[in-house]
Structures are given as C-alpha cells and as structure tokens.
Amino acid sequence: MIGGLVWVSLLSLCSVAFTEGCNRQLQQNVDFPGSDIKTFYSPDVEHCQLLCTQQPSCRFFTFHRADWTRDDRTFKCFLKSASSGQPTSQTPLQGVTSGFSLKSCNPSPQPCLPRVYENVDFVGAEYTSFFTADYEDCQKACTQDPSCQFFTFVKQDPKQQNVRYKCFLKYSWNIPKASSVEKKAGVVSGFSQTPNPPQTVCQNKFLSNTDIPGSDFQTLKAASAEHCQALCSAHPQCTCFTFGSLDFKCYLKNNKHHLETKVKEGATSGMPARFCQFTNWLRTAYEGIDFPGPEIRFELKDNAEQCQRLCSGDPTCQFYTYVKDNSPESAARRHCYLKGVITMPAPPKVVKVTNVVSGFSTRNCPATGQ
C-alpha cells in the first residue's frame with residue numbers, strides 16, 4: 001500500500017523551533033479566543049494538540065471537551081496562529097482546554113494513538129465493515145489493515161440489532177496532498193525524496209486522452225497523472241481515476257462493476273497500483289507549477305536542486321516550491337519554500353453515541369503482542 005510505504009520518511013510532527021520553546025502545559029477551562037486558522041474534530045485534547053503540532057501555521061489551540069454543553073462545538077479543535085506565537089488574550093471558559101503546538105518539543109514523527117473512546121462515534125469515512133467479538137478485535141483489524149486509520153465498533157445494543165458487534169474501518173489521508181496546484185511562471189515545485197528506493201517499482205500503464213466518466217467520490221489537485229495515480233492507490237475506495245492536465249484535477253472514482261471510457265483530449269485515466277510503487281512523480285521537478293499553501297519556513301537557495309535537497313533533509317517537509325531568478329516576483333527570487341500538511345489520523349466528525357467504542361490504529365505504537 002503506497003500510503004504505508006512511500007511516505008514513512010515524510011510524516012512528521014516536529015518543525016522549526018520557535019522562540020517560546022517547548023511548552024507542554026495544558027490550561028483547563030481557559031479559552032484562547034480568536035486567531036482561528038483551521039477547525040478539526042478531535043476525541044480529546046491530546047489529539048487536538050498533535051493536529052496543531054503537525055499543521056505548519058498552528059502555534060496554539062483551544063479544544064472543546066466532551067463536557068462542553070453550550071452549543072454544538074463539542075469535540076471541536078480550533079487551530080490558531082499569531083505572528084508572536086502567543087494568544088492575544090486568555091479567557092476563563094468552562095468546558096474547554098487550551099495549549100500550544102509541540103513543534104519545539106521534538107515529538108514522534110508518527111504518533112502512537114492507543115486510547116479508545118467509550119460512547120464516542122467517529123462519524124463517516126468508513127470503507128469496509130464486518131463483525132467482531134469486541135472492540136479489541138476491531139482495533140486489531142484496523143491495525144493490521146494498511147488503509148485503516150481509525151475505527152468505530154458497535155457494542156451489544158438491543159436498539160441496534162442490525163449493527164451490533166459491527167466493526168467499521170475508516171480512512172483519512174495519510175500521505176501528503178497539496179491543497180492546490182497552479183500554473184505560475186518562474187517557479188519549480190516538487191516533493192521530498194524518500195531515502196530508501198522501493199523494492200518493486202511500477203510500470204506506468206495509462207489510458208491517454210481518455211476519460212472514465214462518472215463514479216467520482218473525491219476530487220483533488222495533482223501535479224501529474226502519476227501523482228493522481230499515487231493518490232488513487234493510497235485510498236482504499238479508489239478503483240480508477242481520471243486526471244485533467246489543463247486544470248490539474250484528479251478525479252478518484254469508485255465503480256467495482258464496470259469500466260466505461262470515452263475519448264477526451266487532455267485527460268489521462270488509469271487504475272490504482274496496490275502491490276508496487278510509482279516513483280517518477282516523486283523525482284520530477286515540475287517547471288512552472290506552484291504548490292500554494294501553508295509554509296513551514298523558507299531559505300535562500302541558488303537553484304531548485306538545492307531546494308529539493310533541503311526539503312528531503314527536513315523531516316517536516318513534504319513538498320516545496322522554488323522561485324527562480326527569472327520570476328516576475330523579484331522580491332521572492334531564490335526563495336525555497338518548504339511545505340507540509342496534516343497526515344495523522346483525523347476523523348471527519350466526532351459525536352457522543354451510546355454503546356459504541358472508537359479508536360485509532362496502533363501500528364505506530366511499540367509492539368504489544370497484537
């Protein structure tokens with residue numbers, strides 16, 4: 001599975017050190033109002049803090065705990081940022097916990113998330129389900145499935161007889177994907193290089209100038225057809241894809257019953273690769289392509305090759321954009337922008353539900369005999 005193989009060296013929660021140093025203190029019933037940059041769902045404050053740590057711009061956060069009762073913000077994790085690295089104010093507020101990014105604390109690059117949550121449902125994102133005797137077996141099944149990032153198990157419940165003992169395996173993106181891909185003169189973009197080349201390299205088998213119409217379940221941005229194929233290969237529901245070279249749109253599709261094609265200029269289609277890895281898209285420097293988005297930091301470099309090496313040597317960097325000497329933006333010339341995104345497990349929604357248990361894969365945890 002490409003998500004578990006190509007990107008092992010790329011996932012990281014640490015980043016450039018900040019002047020405020022390592023601050024692990026959590027402030028109970030204290031709100032850091034304002035300065036929001038992004039909102040996620042989290043089952044607890046520790047998960048929220050890890051999200052803040054991995055998001056490049058986040059410096060501090062406020063989490064609305066399970067005992068929050070004022071409105072529907074329960075389990076919401078508000079990531080925040082300020083140029084000073086500190087909240088502008090701190091306000092007493094019952095039911096929330098606030099804290100700071102752990103970027104300066106040298107955190108584990110792949111966090112262990114062993115805790116399970118009684119009467120908490122991770123809503124959505126399931127790609128398969130089956131019956132297990134208990135939540136422990138459900139968590140083991142999640143851990144052993146490379147696609148599974150988290151799970152929800154329905155306990156014995158007379159009100160839900162049709163789903164009791166059911167184990168739902170769920171997925172969130174565990175490989176970096178650029179939030180946008182755009183044409184831009186005078187720049188070069190690319191990806192961090194994995195230090196260990198794959199043992200089994202795929203041969204590209206694309207359907208050129210071909211569209212596979214319909215059955216779309218997610219549309220992303222990709223730098224190339226090879227990159228789109230890698231994204232399809234990482235998602236357990238993707239059975240085929242179409243990439244548009246004019247708008248850089250990557251259409252992930254799910255249709256297990258038939259495969260129809262039609263001629264379309266500029267479109268490239270294909271199938272996922274489950275048992276080998278594509279590396280051309282990782283090694284390619286994309287001329288005239290920008291990866292806009294949050295930046296970890298930037299340095300001045302003489303060329304794109306130096307920028308790529310800088311990104312590959314930084315465990316927080318997943319992709320980069322380099323501004324060349326011929327860029328129309330003279331003030332940004334020779335700037336090497338290192339970039340990253342959240343790749344840790346992130347449920348799309350967290351809610352209170354009786355007689356269910358939710359949790360995460362423990363494949364990143366020390367061996368416990370599972």
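This is a predicted model: local features need pLDDT of at least 70, side-chain atom pairs count only at pLDDT 80 or more; totals for chains, interfaces and linings use all residues.
## Briefing: buried residues, aromatic pairs and cores

Asp 44 has a relative accessibility of 8%, so this residue counts as buried. UniProt's unreviewed entry lists "domain: Apple" for residues 22-105, 112-185 and 202-276.

- Asp 44 sits in the loop that runs between strand S2 (36-41) and helix H2 (45-54).
- Beyond its neighbours within four places in sequence, Asp 44 is in contact with Phe 63, Arg 115 and Tyr 117.
- Gln 149 is in the loop between helix H3 (135-144) and S8, and with a relative accessibility of 5% it also counts as buried.
- Setting aside neighbours within four places in sequence, the contacts of Gln 149 include Cys 142, Lys 170, Tyr 171, Pro 345, Phe 360 and Arg 363.

**The annotated stretches**

- For residues 202-276 the figures are 13% helix and 40% strand, with the end C-alpha atoms 5 Å apart.

**Strand pairing around S10**

- Strand S10 (residues 182-191) pairs with strand S16 (residues 286-290) in the antiparallel sense, through four bridges. Here Ser 189 stands opposite Tyr 286.
- S10 also runs antiparallel to strand S18 (residues 319-323), and five bridges join the two. Within this pairing, Val 188 has Tyr 322 as its bridge partner.

**Aromatic pairs and a cluster**

- The whole structure holds 16 aromatic pairs. One of them is Phe 122 with Phe 150, an edge-to-face pair with 5.8 Å from centre to centre and 80° between the planes.
- Phe 122 belongs to strand S6 (residues 116-123) and Phe 150 to strand S8 (residues 150-154), so their pairing ties together parts that are 28 residues apart in sequence.
- Phe 122 is buried at 0% relative accessibility, and Phe 150 is buried too, with a relative accessible area of 0%.
- Phe 150 also pairs with Phe 360: the ring centres are 6.3 Å apart and the planes stand at 70°, so this pair is edge-to-face. The pair links distant parts of the chain, with Phe 150 in strand S8 and Phe 360 in strand S20 (residues 349-360), 210 residues apart.
- Like Phe 150, Phe 360 is buried.
- Elsewhere in the list of aromatics, one cluster is formed by Phe 191, Trp 281, Tyr 286, Phe 291 and Phe 319.

**Nonpolar cores**

- The largest nonpolar core has 36 residues, and those touching the most other members are Leu 169, Trp 173, Phe 191, Leu 231, Leu 252, Tyr 286 and Phe 291.
- Elements giving two or more residues to this core include H3, S8, strand S9 (166-170), helix H4 (225-234), helix H5 (280-283) and S16. With six residues, H4 gives the most.
- A second, separate core of 23 residues includes Leu 50, Leu 51, Leu 79 and Tyr 117. Tyr 117 is also one of the contacts of Asp 44, which brings us back to where we began.

Conventions: Residues are numbered from 1 along each chain as its sequence is written. Side-chain values use heavy atoms; hydrogens and water are left out. Two strands pair if DSSP finds at least two bridges between them. UniProt positions are given in the numbering used here, feature names are shortened, and annotations may be inferred rather than shown by experiment. Rings of Phe, Tyr and Trp (its six-membered ring) pair if their centres lie within 6.5 Å; planes under 30 degrees apart count as stacked, over 60 as edge-to-face and the rest as tilted. Buried means under 20% relative accessible area, exposed over 50%, partly exposed in between (1.4 Å probe, protein chains only). Contact means heavy atoms within 4.5 Å. A nonpolar core is a set of buried Ala, Val, Leu, Ile, Met, Phe, Trp, Tyr and Cys residues joined through side-chain atoms within 4.5 Å.
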